[in-house]
Amino acid sequence: EVILIGKGIGFGKKKGDVVPEDQAEKTFLLKDEQEQEQYRQLISYVDQDLLEILNDVMVLIEKRMGETLYEHIHVALTDHLSFAINRANQNVQFSNPFLFEIESLYPKEFQVAQEVVQVLQEKIGVAFPPGEVGFIALHIHSAVTDKSLRDMNRHHQLIAKLVEIIEENLGIQLDRQGINYNRLIQHLHRAIERVYEGETLGQETNLAKVLKSTYPVCYNLAWKLIKVMQ
């Protein structure tokens, strides 16, 4: 089934009528039967005006990211934003424990998510809490990479655990806003990704010896982190 999006595209139309191609500003194909059913259910409880605005948001995301979005974002992000708007209107706050990590790992998605929040604030007058930008950024990343939110959240939980171990073992508090924290998060993320992608870095035995003798505490801590990741 194909979803056609355009201003007034269904006005005065009945079953069997032809829709001129130039009226469709955007089309997307729902191949998965479960996605089709979920979208049908969404349409029944999401306000029609809001649905139009959220469709415009999808077009904006695709334009800013410069990539075709996987179809599941139409269900997942529409569903998420409609509930997020209800939460914001009822002043229900949801914290995002991975906000710094998400901003570090997905800077482009985070920037686009900030723009999405701004557009929604202008069009429907709703003010989202800061953590919501992170959640939207995850949906955007999921839509351009076809990774599941579940897998991404597992990665973020693991990275948060690793950071906690570093702080506990070294007796320090890492500066979440600093460039070094950003580098650490990026490296941990790539280490996890490399395992899933089957990449190897090769054996750096000489470097390992130097690091082991020069930074024994950090070297041993690195081994501990690897064991936790395993």
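Reply: Phe-11 is found in the loop between strand E1 (2-5) and strand E2 (26-29). Strands (E, at least two residues) and helices (H or I, at least four) are DSSP runs, numbered from the N terminus. One caution: this is a predicted model, where local features need pLDDT of at least 70, side-chain atom pairs count only at pLDDT 80 or more, and totals for chains, interfaces and linings use all residues. Residues are numbered from 1 along each chain as its sequence is written, and side-chain values use heavy atoms, with hydrogens and water left out.

Me: Is Phe-11 buried or exposed?

Reply: Phe-11 is exposed, at 72% relative accessible area. Exposed means over 50%, buried means under 20%, and partly exposed is in between (1.4 Å probe, protein chains only).

Me: How many Å separate the C-alpha atoms of Phe-11 and Gln-121?

Reply: They are 27 Å apart, and the two residues are 110 apart along the chain.

Me: Now helices. Which residues make up H3, and what is its span?

Reply: Helix H3 covers residues 72-89, and its end C-alpha atoms are 26 Å apart. The expected span is 1.5 Å times one less than the number of residues.

Me: How many of its residues are buried?

Reply: In H3, 13 of the 18 are buried, so the helix is largely enclosed by the rest of the structure. After H3 comes Asn-91, with a positive phi near 60 degrees.

Me: At what angle do H2 and H3 pack?

Reply: About 125 degrees, with the axes of helix H2 (residues 48-65) and H3 11 Å apart. Axes are lines fitted to C-alpha atoms, for helices over the stretch in contact, and angles run from 0 to 180 degrees between N-to-C directions. H2 and H3 are therefore oblique to each other. For the cut-offs, under 35 degrees is roughly parallel, over 145 roughly antiparallel, 65 to 115 roughly perpendicular, and the rest oblique.

Me: Which residues meet there?

Reply: From H2, Leu-50, Leu-51, Leu-54, Met-58 and Ile-61. Their partners in H3 include Ile-73, Leu-77, Leu-81 and Ile-85. Contact means heavy atoms within 4.5 Å. The residues of this H2 and H3 contact divide into 9 nonpolar, 3 polar and no charged. Here Ala, Val, Leu, Ile, Met, Phe, Trp, Tyr, Cys and Pro count as nonpolar, Asp, Glu, Lys and Arg as charged, and the others, Gly among them, as polar.

Me: What about H3 and H6? At what angle do they cross?

Reply: Roughly 170 degrees, and the axes of H3 and H6 come within 10 Å. That makes H3 roughly antiparallel to H6. Among the contact residues are Ala-76 and His-80 of H3, and Phe-135 and Ile-140 of H6. By class, this contact of H3 with H6 has 9 nonpolar, 4 polar and 2 charged residues.

Me: And how do H5 and H6 cross?

Reply: At roughly 120 degrees, with the axes of helix H5 (residues 107-124) and helix H6 (residues 131-145) coming within 8 Å. H5 and H6 are therefore oblique to each other.

Me: Back to single residues. Where is Asp-146?

Reply: Asp-146 lies in the loop between H6 and helix H7 (149-170). Its phi is positive, about 65 degrees, although Asp-146 is not a glycine. At 42% relative accessibility, Asp-146 counts as partly exposed.

Me: Last one: where is Arg-40?

Reply: In helix H1 (residues 33-45). Arg-40 is partly exposed, at 41% relative accessibility. The C-alpha atoms of Arg-40 and Leu-211 are separated by 58 Å.
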